[in-house]
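I opened my notebook beside the viewer and jotted down what I looked up. Come along and check each entry with me.

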Amino acid sequence: MCIFCEIGKGNIPSKKVYEDEKYLAFLDLSQTTIGHTLVIPKKHSKNIFELDEDSLDIMGTVKKVALILKKTFNPIGINIVSNNERPLQSVEHFHIHLIPRYENDNFDIMFKDNSKSVDLDKVLEKIKENL
């Protein structure tokens, strides 16, 4: 049983922010920051690698919900995050987190600078081998 599929069908209650025939947005129980919302396709796909072709327009819904959150909470910005496979995907149903950002919200996403140890030409060459 997929908990997000059950939420999408209305079998498990959620705090709905937005819904249409294909997508559902609801408040994340963790509320990493105020307004933290998840956007899911109602049609099950485990992750981005298995995302159904019919769900590729999900970013239109993400934008709608982001604008709702901006109007409602007036955050200084918003993080849009999708974890796929391990180590961070906790529910195996493709979903996108919208995390409004506020001054001193104690939430951080860290990007480490590895530029001195990575040869971009080699990385690009390797990627092109798989096109």
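**Entry 1: a loop residue**

I began with glutamate 92, which lies in the loop between β4 and β5. My labels for helices (H or I, at least four residues) and strands (E, at least two) are DSSP runs, numbered from the N terminus. This is a predicted model, where local features need pLDDT of at least 70 and side-chain atom pairs count only at pLDDT 80 or more, while totals for chains, interfaces and linings use all residues. Residues are numbered from 1 along each chain as its sequence is written, and side-chain values use heavy atoms, with hydrogens and water left out.

**Entry 2**

I traced an open sheet of five strands, with antiparallel pairing and the order β1-β2-β3-β5-β4. Its edge strands are β1 (16-19) and β4 (77-81), each of which pairs on one side only. From one strand to the next, the twist averages 20 degrees; axes are lines fitted to C-alpha atoms, for helices over the stretch in contact, and angles run from 0 to 180 degrees between N-to-C directions.

Next I went through the pairings (two strands pair if DSSP finds at least two bridges between them). β4 pairs with β5 (residues 96-101) in the antiparallel sense over five bridges, and isoleucine 80 stands opposite leucine 98 in β5. β2 and β3 are also antiparallel, over five bridges, with isoleucine 40 in β3 as the bridge partner of leucine 24. β3 and β5 pair antiparallel over three bridges, and there leucine 38 has histidine 97 in β5 as its bridge partner.

**Entry 3: strand β3**

I learned that in a regular strand the side chains alternate between the two faces of the sheet. In β3, Thr37, Val39 and Pro41 point one way, Leu38 and Ile40 point the other way, and all are buried. The strand (residues 37-41) is mostly covered, with five of its five residues buried.

**Entry 4: the aromatic pair**

How many aromatic pairs does the structure hold? I found one. The rule: rings of Phe, Tyr and Trp (its six-membered ring) pair if their centres lie within 6.5 Å; planes under 30 degrees apart count as stacked, over 60 as edge-to-face and the rest as tilted. The pair links distant parts of the chain, as phenylalanine 4 is in helix α1 (residues 3-9) and phenylalanine 26 is in strand β2 (residues 23-27), 22 residues apart. Phenylalanine 4 counts as buried because its relative accessibility is 6%, and phenylalanine 26 counts as buried because its relative accessibility is 4%.

**Entry 5: who lines the pocket**

Last, I looked at the lining of the largest pocket, to which α1 gives the most, with three residues. By class, the lining has 11 nonpolar, six polar and two charged residues. For these classes, Ala, Val, Leu, Ile, Met, Phe, Trp, Tyr, Cys and Pro count as nonpolar, Asp, Glu, Lys and Arg as charged, and the others, Gly among them, as polar.

Note on methods:
Buried < 20%, exposed > 50% of the residue type's maximum accessible area, 1.4 Å probe, protein only.
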